Every structure is written in C-alpha cells, then in structure tokens.
Amino acid sequence: MEHEEANRAEPRQRTRAQRRRRNIWIAIGSVFLVLVLAAGAAIYSVYARWGNTETIQDAFPDETVRPTENTSGSMNILLLGSDSRDDQASTELDGTGSRADTMIVAHIPADRSGVQMMSIMRDSWVDIPGYGMNKINAAMAYGGVPLVIQTVEGIIDQRIDHVVMVDFEGFKDITDALGGVTVNNPTEFTSGSPTNEHYPAGQITLSGDRALAFVRERYAFTDGDYQRVENQQLFLKAVADKMLSRDVLTNPVTLNSLLNSVVPYIARDSELTVNAMVDLGTSMASIKSSDITSFTLPTTGTGDEGGQSVVYLNDAELPTVQQHFADDTLAGYDPPAR
C-alpha cells in the first residue's frame, strides 16, 4: 500500500539475533537519549552513531490538516512502540507491526526544565480522521505514522514536533547495563505464561527478561492496561533515577554500553538530526530525575463498542489538558483520579 511504502524506514542489515538483542522500549530509549546527551560526555559517540538510525520517511501529515507551528519554544515528541515485534522484519519500523501498542507524548517546556510524559491508552476510543471512531492504536494500520500523528494532534490540539519508534523487546539490555533498577511495586502479581514471574509488593529490583515481563503484563490485573501503563511509568522513573546518578554519568564504560543499546536501533523522523538532538541535550544539562513526571490522558473507564473493549476519554477534562499544552504549563497539571 502507498502509505506503507511512503513510511518505510531505510534498510539496515542485521541478523535476527542482533535484532532481538538490540531492540528497546520506546519511552526508555527516547528519554535515555535526552539524559545521555545532557550528560555531555557521550555527545561525540552520538555523532558517530546517529547516522545508523533508521529514518521514517514522510512521517508527518499534510500541513493543511495540522495545528499551527509552535512558537513558544516548547517541544512535543511522540513516542510509539509495539510489544509484538515481527522477527522477520529487516527494519525497526517494519517490525513494529500495524498497531502501536504504546503511545506517549513527551512534552519538553520552553525553559527545558524537565519532561512531562503523557501516556495515551492504546484502547482509547477516539476519532481517527477519515475513518471515524475507533481504538487509537488502529490509526497505524489505517494510515501509518502520519495518521497516528494527525490523530494525536487532534487530541492535544498542539503540533507534534518529532516522532520516534522502537520496540519493547530488548530494552532489557538497558537494565542489564545499569545493573538493574529498583521500583516500589504497588501491587503484587504474577505474570502470565510463558514467563510466570512473581512480583511481590514493595521494593523490587528488575533487570533483563524480568523487567520486560514487568512492563508488559496486563492480564494479571483487574483493570488491565490501566495498571500496565502505571507500571511502565513507574519503571521509566526508576530508569531515569539510575541514569542520572553520579555512578552512571561519570562512568564512560556504562555510558558507552547504554549508547550501544539505544542509538543504532531507533527509527525517527528525518528532522530529528544529530544536531537537533545535541542542541536539545545540551539545553537540558541541568535536568534531574525529579524533573521527569508522567501521567495518563484522563479517561472515564471502559466499555464495549462493536464487541471490542474500549477506553473512553474524559471529554470534560480534555480542554484543560489542551490548555496546559498550549500554555506550556503541563508541569503543573494535576490530573483527576481515575
């Protein structure tokens, strides 16, 4: 199909084993780039490696259907990912499949004082331009990355400046490079087959496959994707805490290992050049882990549409979210309890 050809990433030769080892979780990877660049020591390595990343060709929708360009200096980066990679695919972009299982809008304010991460539930029942109401993760199948961006821009009523795609599988390399990360697990659970990993409530250390199962699990919870999204946000915060620790930022071996796990295995829009990444990173040199916050786009619960389970957005709250994006005050947003 035309949209599939238009958005095909530039090919890169890799073995299947390399693909399985090197893929990364979308949110972890993108925030990691910001953090490592902020550290400064890795900038030369990023320059040397950035050319190996895949480019999403024609990533953005037609200008006639987009919000006006942002002039405040803030930035919105759309993070897309899938946890159902096709191992036969020759590129990261092809391998994410026809649906985006993870959607996060990373908002970086004009003063570069932090990052606000807004997760969008993959089953959110939204208006997909040209196709009517459907789950938001169906936008990828209907119109590729441009339609996903157009749909998200319609929700937040603001422009998406950049888009990055990766995959869940393989972010475990990051946790291994960090020596594991510690989270305060709010809910005891056991993941489903084939992992069957048990996670007690309280402080637990995660790495490798055990970390991957932690962020993937949803069937163990009565509220399914709600708890999974919260666990992903909890894990992301733990990774940020570890990455910004002095032990990591002053260790060139660890930084290089992290770069090897991330930089060569990302698909990104053509405007997210190495110069753009370096400019962004150096402007955020003073960022701390406490400056990275996350929340979920407010919803009112689940329901049934045509025999499929969906999540309804909180339409009454949506204008408030849009205003915080427009005013660059998302850091002060207090979402309602679900």
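**Close-up views of a predicted protein model**

Buried residues (those under 20% relative accessible area, with exposed meaning over 50% and partly exposed in between, for a 1.4 Å probe and protein chains only) make up 57% of the 338 residues in the protein chain. This is a predicted model, in which local features need pLDDT of at least 70, side-chain atom pairs count only at pLDDT 80 or more, and totals for chains, interfaces and linings use all residues. Residues are numbered from 1 along each chain as its sequence is written, and side-chain values use heavy atoms, with hydrogens and water left out.

**View 1. The protein chain as a whole.** The protein chain has 13 helices and 15 strands, where helices (H or I, at least four residues) and strands (E, at least two) are DSSP runs numbered from the N terminus. Of the contacts (heavy atoms within 4.5 Å) in the protein chain with a separation of 6 or more, 72% are accounted for by residues 24 or more positions apart.

**View 2. The largest nonpolar core.** A nonpolar core is a set of buried Ala, Val, Leu, Ile, Met, Phe, Trp, Tyr and Cys residues joined through side-chain atoms within 4.5 Å, and the largest one here has 35 residues, with Leu78, Leu80, Val105, Met118 and Val152 having the most contacts inside it. At least two residues of this core come from each of β2 (75-82), β3 (102-108), β4 (115-120), β5 (124-128), α6 (139-156), β7 (162-167) and α13 (318-327). The element that gives the most to this core is α6, with nine residues. Apart from this core lies another, of 20 residues, and among them are Val215, Val239, Leu255 and Leu258.

**View 3. The surroundings of Leu78.** When residues up to four places away in sequence are not counted, Leu78 touches Ile104, Val105, Val148, Ile149, Val152, Ile160, His162, Val163 and Val164.

View 4. Rolling a probe the size of a water molecule over the atoms shows where empty space is left.

**View 5. Helix α9 beside the cavity.** With four residues, α9 gives the most to the lining of the second largest cavity. The helix is mostly covered, since 14 of its 19 residues are buried. The expected span of a helix is 1.5 Å times one less than its number of residues, so the 19 residues of α9 should span 27 Å, and this agrees with its end C-alpha atoms, which are 27 Å apart.

View 6. Asp123 has its place in the loop between β4 and β5, and it counts as buried because its relative accessibility is 13%. Leaving out residues up to four places away in sequence, Asp123 touches Lys135, Asp225, Ser309, Val310 and Val311. Glu217 is in the loop between α8 (208-216) and α9, and its relative accessibility of 10% means that Glu217 counts as buried. Beyond its neighbours within four places in sequence, Glu217 is in contact with Phe189, Ser191, Gly192 and Arg228.

**View 7. Backbone details in two loops.** The peptide bond from Ser193 to Pro194 is cis, with omega near 10°, and Pro194 is found in the loop between β9 (189-190) and β10 (198-199). Asn196 also lies in the loop between β9 and β10, and has a positive phi of about 50° although it is not a glycine. Asp58, in the loop between β1 (54-56) and β2, has a phi near 50°, a positive value in a residue other than glycine.
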